Amino acid sequence: MPIYEYKAAAAGCRYCRNGFEIMQGMNDKPLSKCPKCRAVVSRVPSRFLACVSETPDEVAETERKLRGFEKEGMWSHAAELADKAGLEDRAKDDYKRAGHEM
Ligand SMILES: [Zn+2]
């Protein structure tokens, strides 16, 4: 399934202000509101889609799992996985969120 990136048009919460990515089916309606704070969001071209075709399956799978955890707000799971995958910045970011979100 393609991953779409959304960003708050104006004010938003911490989640949508800097943009967030979400996996959606081709036939799903585009999001118009942030799932967390309901601020109006708009879709932005995804950087991830551009590079996913060059990514080995294993990395793509890790990425997919990571995004799943992040989408569910399971930041500590995401952080652990990112850590294992050697994604230091991602892990740091997720650990930080793990501390804040719960
Ligand atoms: Zn929001």
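User: In which element is the place of Ser42?

Analyst: The place of Ser42 is in strand S3. Helices and strands here are DSSP runs numbered from the N terminus, with at least four residues (H or I) for a helix and at least two (E) for a strand. Before going on: this is a predicted model, in which local features need pLDDT of at least 70 and side-chain atom pairs count only at pLDDT 80 or more, while totals for chains, interfaces and linings use all residues. Residues are numbered from 1 along each chain as its sequence is written, and side-chain values use heavy atoms, with hydrogens and water left out.

User: Why does Ser42 count as partly exposed?

Analyst: Buried means under 20% relative accessible area and exposed means over 50%, with partly exposed in between (1.4 Å probe, protein chains only). Ser42 has 38% relative accessibility, so it counts as partly exposed.

User: Which residues does Ser42 touch?

Analyst: Leaving out residues up to four places away in sequence, Ser42 touches Glu5, Tyr6 and Lys7. A contact means heavy atoms within 4.5 Å. Ser42 and Glu5 are 37 residues apart along the chain, and their C-alpha atoms are separated by 8.4 Å.

User: What secondary structure does the protein chain have?

Analyst: The protein chain has five helices and three strands. Along the sequence their pattern is β-α-β-β-α-α-α-α.

User: How do S1 and S2 pair?

Analyst: Two strands pair if DSSP finds at least two bridges between them. S1 and S2 have four bridges, in the antiparallel sense. Within the pair, Tyr4 stands opposite Ile22 in S2.

User: Which residues make up the largest nonpolar core?

Analyst: A nonpolar core is a set of buried Ala, Val, Leu, Ile, Met, Phe, Trp, Tyr and Cys residues joined through side-chain atoms within 4.5 Å. The largest one has eleven residues: Tyr4, Tyr6, Ala8, Cys13, Tyr15, Cys16, Phe20, Ile22, Cys34, Ala39 and Val41. Strand S1 (3-8), helix H1 (14-17) and strand S2 (20-23) are the elements that give two or more residues to this core. S1 gives the most, with three residues. A second, separate core has five residues, including Leu66, Ala78, Leu81 and Ala82.

User: Which residues does Val41 touch?

Analyst: Val41 touches Tyr6, Lys7, Ala8, Ala9, Cys16, Phe20, Leu31, Ser32, Lys33 and Cys34, again without residues up to four places away in sequence.

User: Which residues are the protein donors of the zinc ion?

Analyst: Donors are N, O and S atoms within 2.8 Å of the metal (3.2 Å for Na, K and Ca); water is not among the atoms, so sites may look incomplete. The SG atoms of Cys13, Cys16, Cys34 and Cys37 lie 2.3 Å from the zinc ion and are its protein donors. The spacing of the donor residues in sequence is C-x2-C-x17-C-x2-C. Cys16 lies in helix H1 and Cys37 in the loop between S2 and strand S3 (41-44), so this pair ties together parts that are 21 residues apart in sequence.

User: Why is the site of the zinc ion tetrahedral?

Analyst: Four donors count as tetrahedral if all angles lie between 85 and 135 degrees; four count as square planar and six as octahedral if opposite donors are over 155 degrees apart and all others between 65 and 115; anything else is irregular. The angles among the four donor atoms of the zinc ion are 106 to 115 degrees, so the site is tetrahedral.

User: Why does Cys16 count as buried?

Analyst: Cys16 has 0% relative accessibility, so it counts as buried. Cys37, with a relative accessible area of 34%, is partly exposed.

User: What is the phi of Arg38?

Analyst: Phi of Arg38 is near 65 degrees, a positive value in a residue other than glycine. Most residues other than glycine have a negative phi. Arg38 is placed in the loop between S2 and S3, and its relative accessible area of 63% makes it exposed.

User: Why is Arg64 called partly exposed?

Analyst: Arg64 has a relative accessible area of 41%, so it is partly exposed. Arg64 is found in helix H3 (residues 57-72).
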